[in-house]
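Thanks, everyone. Let me put the structure up and then walk through its packing.

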Amino acid sequence: MDKKRKALCLGVLILIILIIPLFIKDEYYLHILVMSGIWIISALSLNLILGYAGQLNLAQGTFFGIGAYATGLLMQKMGLSFWAALPLGCLLTATIGFVTGLPTLRTRGHYFPIATMCLGIAIYYVIARWDDVTGGARGLFGLPRPDPIVIPFLGTISFESTASCYYLVSFLVFITIVVIHRLITSLSGKRLIAIRGNEDLAQALGINTMRDKVICFTISTFFAGLAGGVFASYMGSLMAENAHFVTSFEMLLNVMIGGVGTIIGPIIGAIFLPLLSEELHFLGGWRLVVYGLILILTIRFLPFGIVGGIRTALAKRHDKRGV
Amino acid sequence: MGILLQTLINGIMLGSVYAMVALGLTLIYGILNVPNFVHGTLYMIGAYIAYFAIVSFGAPYWVGLIVSLIILFAIGILLERIVFRPFYDKPLINSFIVAVGLILVLENTALSLWGPEFRQFAAPSDKVIKVMGVMITAQRIIVIVTAAVLIWLVHLFIKKTRLGSAIEATSQNPDGALLMGINISHMRGITFGIGTALAAVAAVLVGPILLIYPAMGHTVIGMAFVIIIIGGMGSFIGAVLGGYIIGILETLVTSYITNFFTEAIIFGLLVLLLAVRPTGLFGKPH
């Protein structure tokens with residue numbers, strides 16, 4: 001596809017995303033789209049460390065929780081505006097990511113998922129039991145929506161409606177995609193893929209694998225924190241369960257079913273699964289059982305998810321034509 | 001003194017449970033090379049099966065324990081055969097994710113069928129024994145003794161029987177074992193069954209003391225991984241000793257330091273340990 005057509009497609013896509021709220025009048029579906037946006041950011045963050053650097057971080061949901069609690073507490077206890085609390089929350093998450101990434105990333109193979117799972121459990125218990133600060137098991141309530149932005153002479157943008165939150169989340173999704181896309185197409189992205197392929201070999205080629213892994217881990221926790229911070233302000237309340245490894249599992253589902261190691265895959269997963277979840281609402285608690293089965297079957301028969309499946313199908317058609 | 005002794009006995013009891021769960025986990029790791037994240041969930045299923053045998057069908061405690069042991073042994077063999085076997089020659093990450101899928105399936109099945117409420121079944125004996133000014137319930141003694149006997153039996157099984165030796169051979173060198181005519185697939189299935197049955201027995205033993213609920217395996221599986229990392233993944237003696245050490249340590253921290261951040265402290269210590277020694281205390285370097 002040449003550059004012009006690519007730009008055109010992108011333009012049309014952005015236009016569709018911009019006008020969607022004009023057509024969807026049902027607040028509830030708009031709400032699902034906002035949630036999809038938040039899941040897209042978090043799925044892309046997990047995909048960065050899992051899909052490109054090849055490290056299964058089972059604490060990613062916990063970093064989502066750290067970002068959520070940090071943003072929420074900065075607004076509620078320190079009285080900061082959302083626009084100050086969100087970046088600070090992300091920076092705090094990334095700092096904790098950096099500090100905890102240093103020890104955990106020293107481990108390899110089987111040890112890394114186990115180490116991060118233990119890290120996640122440790123942080124979860126701190127959040128769930130630190131009553132004075134996080135509200136403990138009761139959770140955190142009454143978090144404000146983002147403060148209105150005043151633009152001189154034009155008026156103010158408030159974030160009370162779901163549609164305005166939709167635009168805010170779409171903007172943040174856009175930023176996330178741009179940053180992560182730049183990162184993985186850069187030289188350091190190539191180095192990450194080399195580490196995923198064979199870490200010893202990458203090291204032998206002179207790549208400082210530890211440095212690259214730590215940088216990747218820190219950036220991925222930054223975006224997990226971003227998703228969490230937006231979640232906190234949009235939902236208005238938090239539970240300790242938001243920082244549990246169940247949240248990591250949910251991210252993992254989005255990434256794996258969409259297609260790990262691609263940008264579009266986690267996006268598809270994070271849009272498709274919440275919609276599927278609506279369709280499966282009648283199942284109640286059995287919904288997650290179905291999810292688990294879908295996950296197992298996906299890994300068994302479509303290890304690279306929906307995107308991988310489409311690619312294989314296209315390649316087959318291409319081959320047939322060639323013959 | 002009385003409090004310390006009481007704490008130590010509780011610690012040994014908790015350690016017995018951890019030792020059994022970690023032993024199952026380490027056996028499975030040794031032979032399948034898979035960190036079995038589902039282990040804690042199967043521990044939970046084991047407790048529920050005993051609960052229904054004892055409370056719904058009125059079976060005696062020991063019958064409930066044996067029923068749970070047999071059913072979980074079979075479930076272990078089935079899971080290995082149906083779910084894990086297709087992934088042995090695939091990248092490592094696939095079997096992790098399959099395990100995550102299984103956790104979702106099993107735990108939410110339990111939640112949907114049996115609800116989130118806490119359950120408990122009665123101990124076979126509610127006697128309380130007084131030793132040196134310390135009150136010990138009979139169930140605590142049952143846990144400690146049964147666990148010790150069972151661990152000893154597993155040890156004898158591996159060291160003294162043909163089947164056990166075949167399992168040990170497979171864990172040491174699968175290719176060599178294959179050349180000696182050992183059916184590796186069978187060994188994997190049987191080991192998965194034994195490991196799972198051990199977790200089930202541990203759950204049934206503490207059933208009368210702790211509570212039964214769908215998420216009961218979360219912390220236990222975390223602790224079991226802490227233990228086998230400290231003891232060396234795949235090491236028999238490491239898992240058993242590590243289990244007792246962590247159990248006693250956890251009770252001591254809870255009684256003397258804080259009962260709010262015990263888990264955070266232990267899991268945090270593990271992360272620090274891995275920072276210093278990325279393959280655990282007794283693990284071989286990469």
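One definition before anything else: two residues are in contact if their C-beta atoms, placed from the backbone, lie within 7 Å. This is a predicted model, so local features need pLDDT of at least 70, side-chain atom pairs count only at pLDDT 80 or more, and totals for chains, interfaces and linings use all residues. Residues are numbered from 1 along each chain as its sequence is written, while chains are lettered from A and ligands numbered from 1 in the order in which they are written.

Helices are DSSP runs (H or I, at least four residues), numbered from the N terminus. Axes are lines fitted to C-alpha atoms, over the stretch in contact for helices, and angles run from 0 to 180 degrees between N-to-C directions.

Start with α3 and α8 of chain B. α3(B) covers residues 61-84, and α8(B) covers residues 184-206. Their axes come within 7 Å and cross at roughly 145°. The crossing is right-handed, meaning the near helix is turned clockwise from the far one by less than a right angle. Who meets whom? On the α3(B) side, the residues include B:Gly64, B:Leu65, B:Ser68 and B:Leu69. On the α8(B) side, they include B:Arg188, B:Gly189, B:Phe192 and B:Gly193. The contact divides into 13 nonpolar, 7 polar and 3 charged residues. For that count, Ala, Val, Leu, Ile, Met, Phe, Trp, Tyr, Cys and Pro are nonpolar, Asp, Glu, Lys and Arg are charged, and the others, Gly among them, are polar.

α8(B) also packs with α2(B), residues 39-56. The tally is 10 nonpolar, 3 polar and no charged.

Next, α1(B), residues 2-32, and α9(B), residues 217-231. They pack at about 65°, axes 9 Å apart. The two are therefore roughly perpendicular. α1(B) passes α9(B) in a right-handed crossing. B:Tyr18 and B:Ala22 of α1(B) are among the residues that meet α9(B), where B:Ile227 is one of the partners. The contact has 10 nonpolar residues, 1 polar and no charged.

Buried or exposed? B:Gly243 is buried, with 31 other C-beta atoms within 10 Å. The cut-offs are 20 or more for buried, 12 or fewer for exposed, and partly exposed in between. Leaving out residues up to four places away in sequence, B:Gly243 touches B:Gly15, B:Tyr18, B:Ala19, B:Ala22 and B:Ile227. Its C-alpha is 8.3 Å from that of B:Ile228, 15 residues apart along the chain.

Now chain A. α3(A), residues 60-76, reaches 24 Å, close to the 24 Å expected. The expected span is 1.5 Å times one less than the number of residues. 16 of its 17 residues are buried, so α3(A) is largely enclosed by the rest of the structure.

Last, the interface. 37 residues of chain A are in contact with 37 of chain B. α4, α5, α11 and α13 of chain A each supply at least two residues of that side. α5(A) gives the most, with 12 residues. The chain A side divides into 25 nonpolar, 8 polar and 4 charged.

Key: Angles under 35 degrees count as roughly parallel, over 145 as roughly antiparallel, 65 to 115 as roughly perpendicular and the rest as oblique.
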